[in-house]
Amino acid sequence: MKKLGFGLMRLPLLNKDDPQSIDYEQVCAMADAFLAGGFTYFDTAYMYHDGVSERAVKKVLVDRHPRSSFVLASKLPTMLLQSADEQKRIFEEQLDRTGAGCFDVYLLHNLGTENYEKAKRFGSFAFVSDLKRQGLVKKIGFSFHDRAAVLDEILKEHPEIDYVQLQINYLDWEDAGIQSRLCHETALRHGKRIIVMEPVKGGRLADPPLPVRQLLEAAHPDWSPASWALRFAAGLQNVDMVLSGMSAQAQLQENIGFMSDASPLGAEETAVLREAARILSSSALIACTGCRYCTEGCPVHIAIPEYFSLYNNEQLSNKGGYNLQKQYYRTYTQKFGAASACVGCGACERACPQHLPVRQYLREIAAHYEK
């Protein structure tokens, strides 16, 4: 398969305030062009577009194209599960919504510390493995938003999975909160194939600030900012698919144009992206370097650099829609102290080589993420 996947979570709408108002005429034209370009992978989920994305699969693909002409992935919403019995009901509903007969790839959605505990409690890995034995799904895995150490734990305990879906992009590559590089390296150690999500960081890397745009244009005048981001992800080891949530025909045409024959980035191009990431990160609100000196003496074990990174990340990202940084924050607080747990002892500020007002920032983060 060509490595570009069509993510069905940011489809064009007839009413921008109604996620269910999908512009089916436009989406059909986009799907047709995608398939005509030799691309076949479509990614949906139970929750996308307020539950309508899977129904769009039937209207746009199943009713209009041979089932063998496309690869379909969907996900079991672990965050919604209240009992083990719900898994069978939801899966059957997904088959009915899509009319697809089976899923080529089926993932446990959004695993991290909290949802992994739920998946263990409800036997979710055994459930999807049984679906695979029955031929109702062909490949199984999970999408992931957490630290690399948690990913390592899951992969050690569940070597049976085929795929892990990770958030990877050049801005998050060395990020202390997202840990893209560390998660990628963890998947490699376990020999897992990788699906990449958020390669352009919700569109942020497709429309970077002027200094970054000028840097990229100087290196390759004929490459768009989005193409840099997608090429970076596609060229990584063990990456089988890079998902892009395309919401307009122009975006799709641009992406299939350069992804039809995208070669991995060279050393000089990778260095350009490191500089682009540095410029983007330097405009962050909290000038934390991630040295971690502040955490050693924290009596309530607050993940201070990670929380700062998530907060900065949000300021660099497009506003509106689902707040992914808030999801990461919630996941971290399952293991570490929340920002609001700060007792104000000041040990962090005494240890900080950047002399940051850590306690003040923690209050702001608590107000932002815990409201």
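This note covers the overall dimensions of the chain and then helix α10.

1. The model is predicted: local features need pLDDT of at least 70, side-chain atom pairs count only at pLDDT 80 or more, and totals for chains, interfaces and linings use all residues. Residues are numbered from 1 along each chain as its sequence is written, and side-chain values use heavy atoms, with hydrogens and water left out.

2. The chain has 17 helices and eight strands (DSSP runs numbered from the N terminus; helices are H or I with at least four residues, strands E with at least two). Its radius of gyration is 21 Å, close to the 21 Å given by the globule rule for 371 residues, so the chain is as compact as a globular protein of that length (C-alpha atoms only; the rule is 2.2 Å times the number of residues to the power 0.38). The C-alpha trace spans about 65 × 55 × 40 Å along its principal axes.

3. Of the contacts with a separation of 6 or more, 76% join residues 24 or more positions apart (contact: heavy atoms within 4.5 Å).

4. Buried residues account for 54% of the 371 in the chain (buried: under 20% relative accessible area, 1.4 Å probe, protein chains only).

5. Helix α10 (residues 225–234) is largely enclosed by the rest of the structure, because 10 of its 10 residues are buried. Among them are Trp228, Arg231 and Phe232.

6. What do the buried residues of α10 pack against? Their partners are the strands β7 (193–197) and β8 (239–244), together with the helices α9 (210–219), α11 (249–259) and α12 (267–282).

Key: Buried means under 20% relative accessible area, exposed over 50%, partly exposed in between (1.4 Å probe, protein chains only).
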